[in-house]
Amino acid sequence: MRPLQIIACVKVVPKPEEVKVDTKTMTIERGEVRSEINPPDMNVLEMALTLKEQHGGKVTVIAMGPPLFEPYMRLALAMGADEAYLLSDRAFAAADTLATSYALAQGIRKIGDYDLILCGEESSDGATAQVPPGIAEWLETSQITYAEDLEVLSDSKMVKAKRELAGGYEVIQVPLPCTVSVKIGANEPRFMDMERKVWAEADGPVTVWAASDIDVEAEMIGLPGSPTIVDGLAQAESTERKREFLEGTPEEQAKVLVERLRPYL
Amino acid sequence: MTKSLYGAKEASGIWIYLEQSQGQLEGVSLELVGKARELADGRGIPIVGVLLGDQVGDLAQEAIAAGADEVRVADDPLLRQYTTDGYARVVTEIILEGKPDILLLGATPDGRDLAGRIAVRLRTGLTADCTDLKLEEKSGLLIGEVWGFGGGVIAYIKCPDNRPQMATVRAGVFAVPKPDAARKGKVVNVPVKLSEKDIKVQVLEHVVGGGVDITRAEVLVAAGRGCQGDFTLVNELASLLDGEVGWSRVPVDEGWVSRDGMIGQTGYTTRPKLAIVCGISGAFQFTVGVEKAETIVAINIDAEAPIFEAADYCIVDDMFNVLPPLIEAVKKARGGNGGR
Amino acid sequence: MSQSVDTILLQDETWERVDKATGGAAAPCFQCGVCTAICPLGLVKGETISIRKMVRQAQLGLPGWADGLWECTTCLWCESRCPHEVDITRAILGLRQLAWKEREVPEGLPTLLWDVYFDGNTWGRPPSERPLWTKDVTVKEFSSDDEILLYVGDDAAYDRRIQKVGRALVSVLEAAGVTFGTLGEHEPSCGDAVRSVGHGEYAAEIIDANARLFQEAGVKTAVTVSPHSYDMFANRYPNLSGDFRPLHYSQYLLELIEGERLKFENELPLKVTYHDPCYLSRRNGICDEPRQVLQSIPGLELVEMERSREDTLCCGGGGGRMWMETAAGERFSDLRVPEAAETGAEVVVTCCPYCLSCLEDSLNVIGKGKLRVMELAEVAHLALQSGAVASDAASGRS
């Protein structure tokens with residue numbers, strides 16, 4: 001069997017409960033928040049490492065973000081990834097999905113050899129799910145979104161996966177190279193190897209690339225490269241509710257509730 | 001700036017990708033036609049549907065009845081099932097031919113699969129997973145409302161220069177319009193220039209329709225962490241009320257259930273008449289998925305759980321203490337109505 | 001997964017790995033088999049798991065994964081009867097560590113470790129929610145002038161049922177005039193869960209960080225809610241400052257009683273039996289302290305179950321079993337609840353979050369008349385309330 005060159009795209013996201021909105025300035029406070037690897041991207045890493053165990057080859061991690069992402073790149077190495085690249089430059093900042101997928105695609109081109117590009121189905125902060133098909137288009141690879149149960153048929157250079165549909169699923173097979181968005185919960189991410197962690201933190205191969213290190217056109221990355229703009233932010237308003245607390249024993253509460261709900265019964 | 005393949009000056013109309021599966025239109029596509037009609041009225045903007053499939057021409061009339069002025073139909077055996085390569089190619093050709101100002105798709109797995117691909121092919125902006133749409137008063141630009149960061153932030157996003165202005169919209173945020181069978185519209189058959197070798201995707205298995213669509217449920221009983229994986233009573237109450245069962249994120253994370261019935265920011269947006277929410281604390285990520293309910297009942301052991309702020313009727317207790325007498329009381333009440 | 005001993009070629013490399021992971025704990029074993037014969041899993045599963053075989057595996061460095069490796073609750077019953085004093089738990093946890101290396105661990109356990117790693121607790125909840133257990137009572141942040149650090153632990157911080165134990169304990173400490181505080185949202189996970197699922201390497205990292213945190217905070221006496229935290233602090237943590245003094249709360253309450261700071265003056269007419277947590281009794285010989293606390297309450301009658309003190313029956317929650325699924329009917333607590341009911345007690349008292357959860361779960365399933373489960377702290381709290389309240393509560397009316 002032919003060894004596989006696997007690219008694992010990851011993102012570091014703030015823990016959802018940590019993000020606060022300044023209601024006065026309507027800006028998002030992301031200062032000292034705790035972060036984590038985007039949960040479906042953990043499934044990406046597990047899938048990449050499992051495939052490497054099955055087929056041999058190499059797992060290369062790529063991310064785009066500020067320098068604070070770097071420890072998480074090392075965490076991916078501690079889980080078993082071989083090397084990591086972080087696209088980090090102010091010029092990449094404030095990118096929408098078009099500019100993000102372009103920059104990542106160019107980073108992947110620079111890494112060079114790839115059979116599979118694995119991404120999480122969506123990020124927990126942006127939740128657009130549009131970057132994986134975007135990367136696939138820039139690199140002109142096939143794509144499988146919302147995938148689980150990935151099977152690489154390396155002799156025929158195909159990949160097969162179960163893919164989520166509205167109210168169902170399908171099993172499809174496409175040629176390599178392929179960009180895959182991995183369904184959240186597709187597997188259980190392995191824990192780090194503690195010996196590897198020591199190595200990853202001290203000597204793990206993490207390379208930081210600035211915009212000038214990869215072949216990108218300045219007007220196609222970051223804010224200038226983003227056709228969409230944020231026109232405003234607002235605090236979510238919730239509908240006024242009655243908020244009537246029902247008292248008494250469960251039997252009494254049930255009786256009152258059924259009275260209140262009579263129109264629906 | 002990355003230039004799109006055509007500009008604002010040449011662009012016109014709101015176009016909707018009409019997603020169909022096995023000869024049936026997705027509800028979200030009709031919801032989008034209805035919303036587009038509402039946005040277009042008074043502005044004289046044409047509403048155009050784009051329909052791909054194999055012998056699906058009949059569906060065009062459904063879109064017209066929902067408010068479309070015109071439907072462009074690409075009918076070909078090679079389009080019988082959705083494939084990224086086949087559909088992206090045909091939709092892109094239709095878009096470049098018609099140059100719409102706005103292109104809307106449902107945020108379904110296939111809708112997102114297609115939208116992300118063609119947005120890059122057309123070099124344009126895409127606002128993903130919108131929960132509302134409007135047109136800017138002066139410019140007529142599309143403003144997409146999206147929920148961000150799980151923290152109750154709403155962002156309004158627009159795409160000033162590139163065309164089409166693309167957006168995917170969640171199912172259930174708009175109502176399905178009442179069909180007007182008398183409405184007239186134009187159906188245009190588009191020639192399909194596709195050969196077998198253009199489609200590299202092989203669909204080996206395709207299973208849909210087994211699940212329930214909770215976005216259309218009139219009564220919804222939802223359970224979370226508090227059910228501890230036991231949905232027996234929840235199921236019983238739901239079937240008693242002719243309703244469906246949904247859940248928050250926790251039961252999915254715990255592996256108790258699949259994502260099929262997950263409500264909330266990363267799950268489904270529902271708009272039932274009645275939602276009974278059991279053992280769910282009510283983090284914002286969940287409540288966005290039920291807040292359109294007419295009436296919400298919350299049962300939670302923790303009196304301070306945020307769900308009570310979003311509920312009409314509140315019971316502070318373990319759901320397992322409340323549900324058995326509630327089920328009995330519902331049975332009795334229904335009996336009194338002569339049953340159903 | 002189990003391998004026949006006859007067909008295995010011993011390899012030096014494997015032997016070394018196993019020997020290193022188990023710390024040579026199995027060396028003194030002479031394969032008498034007492035451990036297997038008496039393992040309480042036989043009581044619930046119909047057949048015992050072969051502890052002897054696992055120890056053999058550890059001894060000879062046999063590859064492969066023994067059946068039952070993850071079933072062990074580390075209750076120490078076998079060790080307490082082993083004629084050669086083999087550290088059987090160490091052998092088993094060592095084999096589990098190897099299983100982590102080979103990625104042969106039960107589903108859910110990697111997620112447990114990630115929860116501890118990213119959130120600092122076994123519940124996968126935000127640290128900012130850690131102090132919320134106090135609800136209507138105010139508990140201040142620990143300062144080095146305080147008499148004790150109250151180490152709440154993950155369960156009392158996040159589990160709604162165990163939170164009540166924490167609040168009861170706070171009111172008892174307040175009644176005794178103790179100055180105390182907690183580490184609030186900075187309180188770390190003690191590492192027991194990580195260690196007991198066999199990830200000794202990660203546990204070592206946690207221990208190292210926490211020991212330094214306690215030293216920097218100026219912690220001397222640390223009082224724990226859980227016997228498992230106590231066991232970690234007392235037996236696995238280095239005593240960096242030299243005067244780090246971990247106590248389980250049952251020990252501390254007895255100190256307060258003996259120092260005449262805590263007095264129970266009201267009658268509490270309650271018939272109770274006491275369930276010894278393995279990690280207090282067999283592991284640490286703490287059997288008298290909780291009983292003496294109970295006996296200092298006027299009107300309270302303590303009756304014993306047959307299996308008690310160092311001969312207690314495990315609840316089934318140790319050894320990481322709290323994070324693995326135990327089939328109904330295979331739970332020790334299902335046996336323990338009827339044993340408690342037979343004594344005629346109204347309340348089975350225990351002082352371990354795992355025991356409390358397991359016993360209550362079984363009680364909910366089996367249902368044993370009026371029998372209830374309470375923590376020692378809850379009984380003490382009840383005894384401190386006015387006579388009327390206490391007698392109402394004791395009879396289950398409130």
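**Exercise 1.** In which loop of chain A is A:P177 found?

*Solution.* This is a predicted model, in which local features need pLDDT of at least 70, side-chain atom pairs count only at pLDDT 80 or more, and totals for chains, interfaces and linings use all residues. Residues are numbered from 1 along each chain as its sequence is written, chains are lettered from A and ligands numbered from 1 in the order in which they are written, and side-chain values use heavy atoms, with hydrogens and water left out.

Step 1. Find the strands: DSSP runs of E with at least two residues are strands, runs of H or I with at least four residues are helices, and both are numbered from the N terminus.
Step 2. A:P177 sits in the loop between β11 (168–175) and β12 (178–182) of chain A.

**Exercise 2.** Describe two backbone features in loops of chain B.

*Solution.* Step 1. Recall the background: most residues other than glycine have a negative phi, and most peptide bonds are trans.
Step 1. The peptide bond from B:R163 to B:P164 is cis, with omega near -5°. B:P164 belongs to the loop between β12 (162–163) and β13 (165–169) of chain B.
Step 2. B:Q228, a residue other than glycine, has a positive phi, near 55°. Its place is the loop between β16 (219–223) and α5 (232–240) of chain B.

**Exercise 3.** Describe how α9(C) and α18(C) pack.

*Solution.* Step 1. Two packed helices are described by the angle between their axes and the distance between the axes. Axes are lines fitted to C-alpha atoms, for helices over the stretch in contact, and angles run from 0 to 180 degrees between N-to-C directions.
Step 1. Helix α9 (residues 160–175) of chain C packs against helix α18 (residues 376–384) of chain C at about 50°, and the axes are 8 Å apart.
Step 2. Classify the angle: under 35 degrees is roughly parallel, over 145 roughly antiparallel, 65 to 115 roughly perpendicular, and the rest oblique. α9(C) and α18(C) are therefore oblique to each other.
Step 3. The crossing of α9(C) and α18(C) is left-handed (the near helix is turned anticlockwise from the far one by less than a right angle; clockwise would be right-handed).
Step 4. Contact means heavy atoms within 4.5 Å. Among the residues that meet are C:R161, C:K164 and C:V165 in α9(C), and C:A377, C:E378 and C:H381 in α18(C).
Step 5. The residues of the contact of α9(C) with α18(C) are eight nonpolar, two polar and three charged (Ala, Val, Leu, Ile, Met, Phe, Trp, Tyr, Cys and Pro count as nonpolar, Asp, Glu, Lys and Arg as charged, and the others, Gly among them, as polar).
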